[in-house]
Amino acid sequence: MSSTPQDDVDFTLAYPEPPASPLWHRRGPKPRPITPEQQRRNRELLLRAQHTPRPRSPRTTKTLAEAS
């Protein structure tokens, strides 16, 4: 496959990357590790959320033309 002038893009000429947000760097105390009981509860809630079907909204029997 041959390259065309359109394929030869010099990415150094593209816009410069913005500086990293200071919010990305956490300074201060590290978060406390969660207890095994909290881990178990989180795992149970996650499994329940993944396997429980969401309730469906009831469908109206009217058509769009009848509704207006």
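Q: Why is Arg 40 called partly exposed?
A: Its relative accessibility is 36%, and the class covers values between buried (under 20% relative accessible area) and exposed (over 50%), with a 1.4 Å probe and protein chains only. Arg 40 therefore counts as partly exposed. This is a predicted model, in which local features need pLDDT of at least 70, side-chain atom pairs count only at pLDDT 80 or more, and totals for chains, interfaces and linings use all residues. Residues are numbered from 1 along each chain as its sequence is written, and side-chain values use heavy atoms, without hydrogens and water.

Q: What makes the contact of Arg 40 with Glu 37 a salt bridge?
A: The closest N and O atoms are 2.4 Å apart. A salt bridge requires a side-chain nitrogen of Lys or Arg within 4 Å of a carboxyl oxygen of Asp or Glu, so the pair qualifies. Both residues belong to helix H1 (residues 36-51) and lie three residues apart, about one turn of the helix; a helix is a DSSP run of H or I with at least four residues, numbered from the N terminus.

Q: What joins Glu 37, Arg 40 and Glu 44 into one network?
A: Salt bridges with shared partners link these three residues.

How values were computed:
Helices (H or I, at least four residues) and strands (E, at least two) are DSSP runs, numbered from the N terminus.
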